[in-house]
Amino acid sequence: MPLDASDLGAIWLTFKLASLTTLILLLVGTPIAWWLARTRSWLRGPVGAVVALPLVLPPTVIGFYLLLALGPNGWIGQTTEALGLGTVVFSFSGLVIGSVIYSMPFVVQPLQNAFSAIGERPLEVAATLRATPWDSFVHVVLPLARPGFITASILGFAHTVGEFGVVLMIGGNIPDKTRVVSVQIFDHVEAMEYLQAHWLAGAMLVFSFLVLLALYSSRSGKSAWS
Amino acid sequence: MIHARLKVARDDFELDVDLQLPGRGISALFGHSGSGKTTCLRCLAGLERAPEAYIEVNGQIWQDSRRGHFLAPHLRPIGYVFQEPSLFPHLSVHGNLTFGWRRIAPQARKVSLDQACALLGIEHLLERKPATLSGGEAQRVGIARALLSSPQLLLMDEPLAALDGPRKREILPYLERLHDELEIPLVYVSHAQDEVARLADHLVLLEQGKVQASGPIAATLARLDLPLAQGDDAGVIIEGRVSSYEPGYQLLGLQLPGSDLELRLAHEPLALGTALRLKVQARDVSLSLAQEAHSSILNRLPVRVSGHRPADNSAHVLVSLDADGSVLLARITRYSADQLGLHSGQQLVAQIKSVALLG
């Protein structure tokens, strides 16, 4: 067996982390993307820039600040401790929080593009056909933005699978709790276990290629609003 | 009764109108692009919120800016037809048609799916996706979809403007059927004079955000002081009833309203009493002092000159004529006017070279 129990544990943990992160990002990212796509407020620029920050910042920078904020001396950490929740650093919850922030632009931007492409007209049509704004969102916007949701989910999931710096900074390296595949590969290489590193790295490579293949193959000229 | 007082001021555009439209029939908002007609329609629908507005339809107040009252568009019992069909691409024709229908209370549904489909001739399209429809078919579906939300007011924003000539001719008869068979008032935005002449009962002329004229179509088209009378298409509308038919010559006689005068045109037979709308172009009417017995011109009516005015180019004169209660317009050369000694009250004979049936 080329993969041992700790490798499988890392894969399972990575899968759990990416799934949960993607789910949270879809819930949180949809209203943010909707707002960014439609608002005329001056806050659009600053909010858009903050959401896009993880695209350019080194993951270690994000991880560093999260560590400070979520740690026992940080303002979020102190709040969670005061609420009796303890601190989330070096825990799975901490990883989820870090991943949500780190992968945010990969979910928000495809959704924002999808919402912008729909335009005002379908919503106006729906309103003249008695649909409330929420009804229009569910029955018109969501189906029309479906390709955007698919892209956002794939990118959000894949990008979370591929993170390393943030995880290491705020999650550390605790087996079955915070040791994800990318960290596990790092450990193998450090320990000179090249064969095991090969297996895991190769699996990541194949997985990433397949995800991107699915994404680029499905992007045929869809969604024509007539 | 529709009452809309609207004030909109934007950087490049100002709208200030007070519209009183009849509670039945088709009211046309007519004007050049940029005259504010679409903005009026969007304010009626609530798709735009005019900063200063009072909108009352059939006794319900939809907007009253002084009290801060604004009824959201989805709460207004309207049907709206956009310039482009704007069908939902993710739904079938059936899904599009029933979108509004499913969102109103069953007891409020006045139009059934079958009725709407029959009225617009789209029964055979129900399972299709919008992307597979022609422009004309898609627009008919759009109109049926609006009808199926059982509106108390139908609003149409240049529903034919995006279509080519044949597609327009395909849809116009359906719009006429709506007019004849439905009791719903319709506000129709257009910049095409032929559509307006064919469909409208009431005409509002908009120019740079102001109402230039508003009144019954026949009287408004015949007004010499409006730019309508200046155009090449200038002419009048006459609502006549079939009063005779000569099978030998296949000539249909149409009685002018409230008069014994008759206009004749070559046409297949129609039932006596059928109401028809005719257009008589100003350039097709010539004037003479006496009845000329020998002429190929079919229609020669005794008329009285009720007004005249120089046309935009100074070579022509526009003359309005009273033909026993019906108004005609004639566009004649200034030379001819001088030869006739044209003056108000003068008795003349109008020779009408052609009469167009508008359906």
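Which residue of β20(B) does N299(B) stand opposite? N299(B) stands opposite I352(B). The structure is a predicted model, in which local features need pLDDT of at least 70, side-chain atom pairs count only at pLDDT 80 or more, and totals for chains, interfaces and linings use all residues. Residues are numbered from 1 along each chain as its sequence is written, while chains are lettered from A and ligands numbered from 1 in the order in which they are written. The predictor assigns the complex an ipTM of 0.85 and a pTM of 0.84.

**Chain B overall**

- Chain B has an average pLDDT of 90, with 99% of the residues scoring at least 70; pLDDT is the predictor's confidence in each residue, from 0 to 100.
- Eight helices and 21 strands make up the secondary structure elements of chain B; helices (H or I, at least four residues) and strands (E, at least two) are DSSP runs, numbered from the N terminus.
- Chain B has a radius of gyration of 23 Å, close to the 21 Å that the globule rule gives for 359 residues, so it is as compact as a globular protein of that length. The radius is taken over C-alpha atoms, and the rule is 2.2 Å times the number of residues to the power 0.38.
- Taken along the principal axes, the box filled by the C-alpha atoms of chain B is roughly 65 × 50 × 35 Å.
- Of the 359 residues of chain B, 40% count as buried. A residue is buried if 20 or more other C-beta atoms lie within 10 Å of its own, exposed if 12 or fewer, and partly exposed in between, with C-beta atoms placed from the backbone.
- Among contacts in chain B with a separation of 6 or more, 66% come from residues 24 or more positions apart; two residues are in contact if their C-beta atoms, placed from the backbone, lie within 7 Å.

**The sheet containing β20(B)**

- Five strands of chain B form an open sheet with antiparallel pairing, in the order β16-β20-β17-β18-β19; two strands pair if DSSP finds at least two bridges between them.
- β16 (285–288) and β19 (326–333) of chain B stand at the edges with a single partner strand each, so one side of each is left without a neighbour in the sheet.
- From one strand to the next, the twist averages 45°; axes are lines fitted to C-alpha atoms, for helices over the stretch in contact, and angles run from 0 to 180 degrees between N-to-C directions.
- β17 (residues 299–310) and β20 (residues 347–352) of chain B run antiparallel and are joined by six bridges. R300(B) has Q351(B) as its bridge partner in β20(B).
- β16(B) pairs with β20(B) in the antiparallel sense over four bridges, and the partner of S288(B) in β20(B) is V349(B).
- In a regular strand the side chains alternate between the two faces of the sheet.

- Six bridges hold the antiparallel pairing of β1 (residues 2–10) with β4 (residues 52–57) of chain B, and V57(B) in β4(B) is the bridge partner of I2(B).

**The interface between chains A and B**

- In the complex, 16 residues of chain A are in contact with 21 residues of chain B.
- On the side of chain A that touches chain B, α6 (121–128) and α7 (133–144) of chain A are the elements that give two or more residues. α6(A) gives the most, with six residues.
- That side of chain A divides into 10 nonpolar, three polar and three charged residues. Ala, Val, Leu, Ile, Met, Phe, Trp, Tyr, Cys and Pro count as nonpolar, Asp, Glu, Lys and Arg as charged, and the others, Gly among them, as polar.

**Non-glycine residues with positive phi**

- R130(A), in the loop between α6 and α7 of chain A, has a positive phi near 75°. R130(A) counts as buried because 22 C-beta neighbours are inside 10 Å.
- E158(B) has a positive phi near 45° and is placed in the loop between β8 (153–157) and α5 (165–181) of chain B. With 22 other C-beta atoms within 10 Å, E158(B) is buried.
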